[in-house]
Amino acid sequence: MAKHGTKKTKKVYADRVFSCIEEYAPGFTDSIVGYDHLSPPDLEKIFGLTGGNIFHGSMSLDQLYFGRPTSSYSDTRCPVEGMYLCGSGAHPGGGVMGSPGKLAAEAALYDLKKGCLR
């Protein structure tokens, strides 16, 4: 079995992805000026992401919706007053959408207006 993250396996994977896109967007491959492929081991090494997981852990059933990161903290509030969870490990999970940050900001504003924060 090939080792993940080698230069050869990255190239094979990228070529496969480009080929799939090429089927729906002819000329795509020829339009590529350059690319960088970061495998999970690269992400772990460069950014310290355990297992190269960009979502701060598996998006398994127990980590979805109000189970993320645990049911006790799914509303973004932490046991430390004024501290809110807002990263990929917070509800509803990571991605480009920015929802964890929005939810944390809304909770902080709510607490501020209610006088819960000093």
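Visitor: How many salt bridges does the structure hold?
Guide: This is a predicted model, and the structure holds five salt bridges.

Visitor: Which residues are linked in a network of salt bridges?
Guide: Asp-75, Arg-77 and Asp-111 are joined in such a network. Arg-77 takes part in a salt bridge with Asp-75, at 3.1 Å from N to O. Arg-77 also forms a salt bridge with Asp-111, where the closest N and O atoms are 2.9 Å apart.

Visitor: Where do Asp-111 and Arg-77 lie?
Guide: Asp-111 belongs to helix H4, residues 99-114, whereas Arg-77 sits in the loop between helix H3 (40-47) and H4. The pair therefore ties together parts that are 34 residues apart in sequence.

Visitor: Is Asp-111 buried or exposed?
Guide: Asp-111 is buried, as its relative accessible area is 7% and the cut-off for buried is under 20%.

Visitor: And what is the relative accessible area of Arg-77?
Guide: For Arg-77 the value is 26%, which makes this residue partly exposed. Asp-75 is likewise partly exposed, with a relative accessibility of 38%.

Visitor: How many residues apart are Glu-106 and Lys-102?
Guide: They are four residues apart, about one turn of the helix, and both lie in H4. Glu-106 has a relative accessibility of 37% and so counts as partly exposed.

Visitor: A change of topic: what does the count of disulfides come to?
Guide: The count comes to zero disulfides. A disulfide is a covalent bond between the sulfur atoms of two cysteines.

Visitor: Why is the sulfur of Cys-86 too far for a bond?
Guide: The closest cysteine sulfur, in Cys-78, is 9.0 Å from that of Cys-86, whereas a disulfide requires sulfur atoms within 2.5 Å. The sulfur of Cys-86 is therefore too far from that of Cys-78 for a bond.

Visitor: What about Cys-116, and how far away is the nearest cysteine sulfur?
Guide: Cys-116 is in no disulfide either, and the nearest cysteine sulfur, belonging to Cys-78, is 15 Å away. Cys-116 is partly exposed, with a relative accessible area of 44%.

Technical notes
Residues are numbered from 1 along each chain as its sequence is written. This is a predicted model: local features need pLDDT of at least 70, side-chain atom pairs count only at pLDDT 80 or more; totals for chains, interfaces and linings use all residues. Side-chain values use heavy atoms; hydrogens and water are left out. A salt bridge is a side-chain nitrogen of Lys or Arg within 4 Å of a carboxyl oxygen of Asp or Glu. Buried means under 20% relative accessible area, exposed over 50%, partly exposed in between (1.4 Å probe, protein chains only). Helices (H or I, at least four residues) and strands (E, at least two) are DSSP runs, numbered from the N terminus.
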